[in-house]
Amino acid sequence: MASKASSETRPAGGRAEIPSLPQLGTTWYEHGARYWLRRAWIAFGLLVVSALLVFFSLSLYDGFTSEWWPAARTAADWVQIAGSCIAVVWGWLKQRRDHRAGLLDPPGPLDSASARRDHNRRTPGLVAAGRGLLLVLAPVMPMVAAWCVGWFLAHLTVREYPSEVGARRWLEAQKGRSGTFRR
């Protein structure tokens with residue numbers, strides 16, 4: 001028989017322990033200063049990634065269109081501007097819909113950790129596949145970057161992540177049975 005995971009065991013006294021969530025740890029429970037510092041750090045990281053993505057995509061697009069006729073390049077630039085404005089809104093709306101769906105069926109603490117592990121396992125393959133796509137996406141990379149920026153901004157402006165809601169519901173179910181253990 002396999003041994004229980006540390007998150008499945010209860011401390012002495014029969015009280016449920018506050019689960020640790022990916023990136024937030026146990027700070028999500030009280031929403032204190034440490035929680036907001038972690039959220040600010042996540043926001044800073046996503047803003048840095050957004051800035052690098054936009055810089056990279058604009059440089060790639062500039063290199064792709066640098067040999068075009070001036071009239072064709074001007075037309076392409078205006079298409080990129082209009083498409084990027086639409087893509088920012090589309091990315092924002094996509095993230096908000098995903099967030100709303102996540103709040104309707106939030107993951108529990110173990111599901112959040114499992115999803116994080118699965119994401120980390122898939123990332124190297126996605127990066128390798130993405131390198132090949134860059135050549136195909138070069139003409140529309142600014143719009144792709146704008147979509148990502150919209151998605152990131154919507155992700156940063158939510159009050160609570162679905163993983164927090166799921167962990168809170170899980171903890172309330174445990175608390176109803178045995179009380180809550182604070183570290």
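This is a predicted model: local features need pLDDT of at least 70, side-chain atom pairs count only at pLDDT 80 or more; totals for chains, interfaces and linings use all residues.
Is Ala-51 buried, partly exposed or exposed? Its relative accessible area is 47%. Residues count as buried under 20% and as exposed over 50%, so Ala-51, at 47%, is partly exposed.

Now try to find Val-149 in the structure. Along the sequence, Ala-51 and Val-149 are 98 residues apart. In space, their C-alpha atoms are 8.7 Å apart.

## The overall layout

Stepping back, you can count 5 helices and 2 strands in the protein. If you walk along the sequence, the elements follow the pattern β-α-α-α-α-α-β.

How many of the contacts join residues at least 24 apart? Among contacts between residues at least 6 apart in sequence, the share is 82%. The pair Ala-51 and Val-149, 98 residues apart in sequence, gives you one separation to picture.

The protein has 183 residues, and buried ones make up 31% of them.

## The largest nonpolar core

In soluble globular proteins, nonpolar side chains tend to be buried together. Here, the largest nonpolar core holds 16 residues, and Leu-24, Trp-28 and Ile-42 have the most contacts inside it. Helix 1 (33–65), helix 4 (141–156) and helix 5 (162–178) are the elements that give two or more residues to this core. Of these, helix 1 gives the most, with 4 residues.

## Where helix 2 meets helix 4

Two packed helices are described by the angle between their axes and the distance between the axes. For helix 2 (residues 70–104) and helix 4, the axes come within 7 Å and cross at roughly 35°. The crossing of helix 2 past helix 4 is right-handed.

On the helix 2 side, the residues making the contact include Gly-83, Ala-87, Trp-90, Gly-91 and Lys-94. Helix 4 contributes, among others, Met-143, Ala-146, Trp-147, Gly-150 and Trp-151. What kinds of residues make up this contact between helix 2 and helix 4? They divide into 11 nonpolar, 7 polar and 3 charged.

Methods
Residues are numbered from 1 along each chain as its sequence is written. Side-chain values use heavy atoms; hydrogens and water are left out. A nonpolar core is a set of buried Ala, Val, Leu, Ile, Met, Phe, Trp, Tyr and Cys residues joined through side-chain atoms within 4.5 Å. Buried means under 20% relative accessible area, exposed over 50%, partly exposed in between (1.4 Å probe, protein chains only). Contact means heavy atoms within 4.5 Å. Axes are lines fitted to C-alpha atoms, for helices over the stretch in contact, and angles run from 0 to 180 degrees between N-to-C directions. A crossing is left-handed if the near helix is turned anticlockwise from the far one by less than a right angle, and right-handed if clockwise. Ala, Val, Leu, Ile, Met, Phe, Trp, Tyr, Cys and Pro count as nonpolar, Asp, Glu, Lys and Arg as charged, and the others, Gly among them, as polar.
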